[in-house]
Amino acid sequence: MVSNNNHVTRAQPWLGTFVEIRAEAARLSRWHLMSAIDAAFAEVAAIHRLMSQQEQGTDLVKLAAADVGAVVPVDPRTAEVLRLALELQTESGGRFDPERPDHADDNRERRRAQPAWMLDGPSVVRVLRRTVLDLDGIAKGYAVDRAVEILQSRGISATVNAGGDLRTTEAADEQLLVRSPLAGGGLVSIGRLGVGAFATSQSSVPISMPSELAGAGIHDRRVGNTALPLMSVSVAAATCAVADALTKVVAVDTDFAANMLERREATAWIL
């Protein structure tokens, strides 16, 4: 934990990255401030345990193992993310794709014309076809959103940052620094974020790039499409979950993304 007279900063490892909360400390009791930060981290940890692909017993693991036609009870938070993912997948015509690619499926294009799941209630999912979901980005953004909501509900002005998915409260002011893949991973300032959400994603990077730029990256998962050029895409939007998903849409199809960004009142940068 780092603190001074004006701010307290804490970080914990969740969601495959470090989640940092920086909160204003002025005029607040230490007990109230730390209690709010603990509650925000507890929510992030809960979302990690619900939607991780790596841990056993998560909602995503249960859905991947379920038979077609099965009705699977999930946490309401998982259902909320699945509802948003399906909405964005439909709105983007598959440019945002929460399903992991199946290279063994020769009928992938026909198969993906139909949704893989539907919500049968506030916390019940019906499996329409077998698939493995990859909600890492949108779930990370959702966790940031939930942490900010908890902090705001307790009167805390703060910034939550989870590996580039960042959201601020009304009183926060954050400089936006983005790593440019074409500049060897150097930081580029693209402005400041007064209130709202911001997310950055990048296409796969060469092994020669710095380790902090490594990762699965953005891929165009539509059938017949080629690998994306090296790029970093950032989006400012109302929520982190939407901003993170829109980075994929912008990278995959910039022309199509323009109207979707306008509908979502979002702004994008490409490096």
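In helix α6 (residues 240–252), the residues C240, A241, V242, A243, D244, A245, L246, T247, V249, V250, A251 and V252 are buried, where buried means under 20% relative accessible area, exposed over 50% and partly exposed in between, with a 1.4 Å probe and protein chains only. The model is a predicted one, in which local features need pLDDT of at least 70 and side-chain atom pairs count only at pLDDT 80 or more, whereas totals for chains, interfaces and linings use all residues. Residues are numbered from 1 along each chain as its sequence is written, and side-chain values use heavy atoms, with hydrogens and water left out.

Because 12 of the 13 residues of α6 are buried, this helix is largely enclosed by the rest of the structure. Helices here are DSSP runs of H or I with at least four residues, strands are runs of E with at least two, and both are numbered from the N terminus. The end C-alpha atoms of α6 are 19 Å apart, in agreement with the 18 Å that its 13 residues should span at 1.5 Å a residue, the expected span being 1.5 Å times one less than the number of residues. At the start of α6, a side-chain oxygen of T239 reaches to within 3.3 Å of the backbone nitrogen of V242. Within α6 lies T247, which counts as buried because its relative accessibility is 0%. The side chain of T247 makes a polar contact with the side chain of S201, at 2.8 Å; a polar contact is a pair of N or O atoms within 3.5 Å, of which, within protein, one must be able to donate a hydrogen and the other to accept it, and residues adjacent in sequence count only if both atoms are side-chain atoms.

Helix α6 also packs with helix α7 (residues 254–263), at an angle of about 140° and with the axes 6 Å apart. L246, V249, V250 and V252 of α6 make this contact with T254, F256, A257, M260 and L261 of α7, contact meaning heavy atoms within 4.5 Å. By class, eight nonpolar residues, one polar residue and no charged residues take part in the contact of α6 with α7. In this classification Ala, Val, Leu, Ile, Met, Phe, Trp, Tyr, Cys and Pro count as nonpolar, Asp, Glu, Lys and Arg as charged, and the others, Gly among them, as polar.

The axes are lines fitted to C-alpha atoms, for helices over the stretch in contact, and the angles run from 0 to 180 degrees between N-to-C directions. From α1, the residues E43, A46, I47, L50 and M51 meet R77, T78 and V81 of α3, and the residues of this contact divide into five nonpolar, one polar and two charged.

Helix α5 (residues 136–153) is mostly covered, with 13 of its 18 residues buried. From its first C-alpha to its last, α5 reaches 26 Å, close to the 26 Å expected at 1.5 Å a residue. G137, which is found in α5, is in contact with D165, D244 and K248 when its neighbours within four places in sequence are left aside. The C-alpha atoms of G137 and P98 are 9.1 Å apart in space, although the two residues are 39 apart in sequence. Following α5 is G155, whose phi is positive, near 75°.

Several loop residues were also examined. L15, in the loop between β2 (7–14) and β3 (17–24), has a positive phi near 60° and is a residue other than glycine. E265, likewise not a glycine, has a positive phi of about 55°; E265 is found in the loop between α7 and β13 (267–270) and counts as exposed because its relative accessibility is 72%. G69 is placed in the loop between α2 (59–65) and β4 (71–73) and, at 39% relative accessibility, counts as partly exposed. Apart from neighbours within four places in sequence, G69 is in contact with R126 and V127.

Overall, the protein chain has seven helices and 13 strands, and buried residues make up 47% of its 271 residues.
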